[in-house]
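Open your viewer and keep the selection tool at hand. We will go from stop to stop, and at each one you select something and see what is there.

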Amino acid sequence: MATIDLHFHSNASDGGLAPGAVIARAHERGATLVALTDHDCTAGLAEAAATAASLGVGFVPGVEISVTWNQRHTLHIVGLGIDPAHPALVAGLKSIRDGRIERARAMSASLEAVGIRGAFEGAMALCDNPEMIGRTHFARFLVQAGHVRDVKAVFRKYLTGNKPGYVPHQWAGLAEAVGWIRAAGGIAVIAHPGRYDMGRTLIERLIFDFKDAGGEAIEVVSGSHSLDDMHRFALIADRYGLLASAGSDFHAPGEGGRDVGSTTDLPPVCVPVWTRLQPLAAA
Ligand code: AMP
Ligand code: MN
Ligand code: MN
Ligand code: MN
């Protein structure tokens with residue numbers, strides 16, 4: 001197991017732990033190099049960096065940007081080694097966050113149509129950063145209110161596809177998101193490619209567009225990848241000359257998925273993205 005984790009969340013977006021707490025948990029579990037990558041938001045990075053420095057954990061400032069590609073595919077692009085104060089990145093991320101409250105009201109109305117009341121208020125009560133209200137907060141509300149057994153099961157019945165609570169949304173463009181990451185000095189990474197409902201041809205088109213925009217890496221190891229996904233994307237990374245990344249995509253204790261702080265070793269064919277990262281110095 002590698003003691004590296006370059007993708008996880010805090011309560012600055014839809015994680016369950018504060019930035020310092022999630023870094024401390026990664027450290028307790030043996031992590032030596034980590035990146036906090038909250039959705040569309042860098043508000044947790046200062047606290048996370050301070051905790052990482054005090055514990056002697058290598059820290060890389062990150063973000064996970066929501067993207068709409070090819071009109072209809074929602075993708076996530078991770079940025080690693082970003083300067084969170086860069087004006088283009090700051091303005092870009094704010095423009096994505098701005099639509100979330102309105103979307104949440106529409107999600108709530110859609111749930112109300114199937115008899116689920118109070119979802120907006122319920123989800124907001126579970127969200128520590130209101131401008132980052134999202135589907136995970138709604139999922140937690142649906143569990144707490146007794147509508148569904150657990151968060152994973154929520155996404156089988158609600159909040160996706162044509163199911164109640166799903167509201168299509170226009171996120172950033174792919175070239176835009178990669179451009180903000182590069183402007184801010186970061187490396188752009190295609191997050192959890194195994195999760196996208198795309199065959200080989202579409203994945204290839206995505207990689208061409210991504211590289212065209214200046215993207216350089218892809219997650220090979222991810223909490224949401226099977227071993228088959230890992231091997232498939234290791235070969236794809238090699239074939240297309242992409243660096244390989246590894247992250248747990250941890251959100252909260254007890255919500256399933258991989259815990260924070262360590263990841264499976266990359267297959268030997270991979271060139272690790274961390275060969276190109278300069279972690280902030282530990283105190
Ligand atoms: P949003 O950015 O508001 O659309 O929320 C997306 C988030 O919902 C993801 O980052 C995950 O945390 C969560 N999510 C989406 N699909 C699933 C799923 N099938 N299982 C568990 N969590 C999911
Ligand atoms: Mn999430
Ligand atoms: Mn994601
Ligand atoms: Mn994530």
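This tour goes through a predicted model, starting with the sheet and ending with the metal sites.

**Stop 1: the sheet**

Show the cartoon and colour the strands. Seven strands form an open sheet. Read across it and the order is β1-β2-β3-β4-β5-β6-β7, with mixed pairing. Which strands stand at the edges? They are β1 and β7. Each has a single partner strand, so one side of each is left without a neighbour in the sheet.

Now select β6, residues 217–222. This strand is mostly covered: six of its six residues are buried. Pick out the partners. Ile 190 is paired with Ile 218 in β6. Val 189 stands opposite Ala 217 in β6.

While you are here, show the side chains. In a regular strand, side chains alternate between the two faces of the sheet.

**Stop 2: helix α4**

Select residues 100–112, which form helix α4. How far apart should the ends of these 13 residues be? At 1.5 Å a residue, the helix should span 18 Å.

Next, colour the buried residues of α4: Arg 100, Arg 103, Ala 104, Met 107, Ser 108 and Leu 111. They cover an arc of only 145 degrees around the axis, so they sit on the same side of α4. Here is the background: an α-helix has 3.6 residues a turn, so residues three or four places apart point the same way.

Turn the helix over. The face turned away from the buried side carries the exposed residues Glu 102 and Arg 105. Then ask what covers the buried residues of α4. The cover includes β3, α3 (87–97), α5 (119–125) and α6 (135–144).

**Stop 3: helix α3**

Move to α3. Select its buried residues: Leu 89, Gly 92, Leu 93, Ile 96 and Arg 97. Their arc around the axis is only 135 degrees, which puts them on the same side of α3. These buried residues pack against β3, α4 and α8 (174–183).

**Stop 4: Ser 10**

Select Ser 10, in the loop between β1 and α1. Is Ser 10 buried or exposed? Ser 10 is buried, with a relative accessible area of 0%.

Show its polar contacts. The side chain of Ser 10 reaches the backbone nitrogen of Ala 12 at 3.0 Å. A second polar contact, of 2.7 Å, joins the side chains of Ser 10 and Asp 38. Leaving aside neighbours within four places in sequence, the residues in contact with Ser 10 include Gly 15, Leu 17, Val 22 and Leu 36.

**Stop 5: manganese, ligand 4**

Show the ligands and centre on the manganese ion (ligand 4). Which residues coordinate this ion? They are His 7 (NE2), His 9 (NE2), Glu 64 (OE) and Asp 249 (OD), at 2.1 to 2.2 Å. His 9 and Asp 249 link distant parts of the chain, 240 residues apart. His 9 is in the loop between β1 (4–5) and α1 (19–28), and Asp 249 is in the segment after β7 (243–247). Both are buried.

**Stop 6: manganese, ligand 3**

Keep Glu 64 selected and centre on the manganese ion (ligand 3). Its coordinating residues are Glu 64 (OE), His 76 (ND1) and His 192 (NE2), at 2.1 to 2.2 Å. Glu 64 belongs to strand β3 (residues 58–69) and His 76 to strand β4 (residues 73–80), 12 residues apart. Both Glu 64 and His 76 are buried.

**Stop 7: manganese, ligand 2**

Finish at the manganese ion (ligand 2). Its protein donors are Asp 14 (OD), His 39 (NE2) and His 251 (NE2), lying 2.1 to 2.2 Å from the ion. Asp 14 lies in the loop between β1 and α1, and His 39 in the loop between β2 (33–36) and α2 (45–55), so this pair ties together parts that are 25 residues apart in sequence. Both Asp 14 and His 39 are buried.

Last, use the distance tool between the ions. The manganese ion (ligand 2) is 4.8 Å from the manganese ion (ligand 4). From the manganese ion (ligand 2) to the manganese ion (ligand 3), the separation is 5.6 Å.

Methods: Residues are numbered from 1 along each chain as its sequence is written. Chains are lettered from A and ligands numbered from 1 in the order in which they are written. This is a predicted model: local features need pLDDT of at least 70, side-chain atom pairs count only at pLDDT 80 or more; totals for chains, interfaces and linings use all residues. Side-chain values use heavy atoms; hydrogens and water are left out. Donors are N, O and S atoms within 2.8 Å of the metal (3.2 Å for Na, K and Ca); water is not among the atoms, so sites may look incomplete. Helices (H or I, at least four residues) and strands (E, at least two) are DSSP runs, numbered from the N terminus. Buried means under 20% relative accessible area, exposed over 50%, partly exposed in between (1.4 Å probe, protein chains only). The expected span of a helix is 1.5 Å times one less than its number of residues. The arc is that of the directions from the helix axis to the C-beta atoms. Contact means heavy atoms within 4.5 Å. A polar contact is a pair of N or O atoms within 3.5 Å; within protein, one must be able to donate a hydrogen and the other to accept it, and residues adjacent in sequence count only if both atoms are side-chain atoms. Two strands pair if DSSP finds at least two bridges between them.
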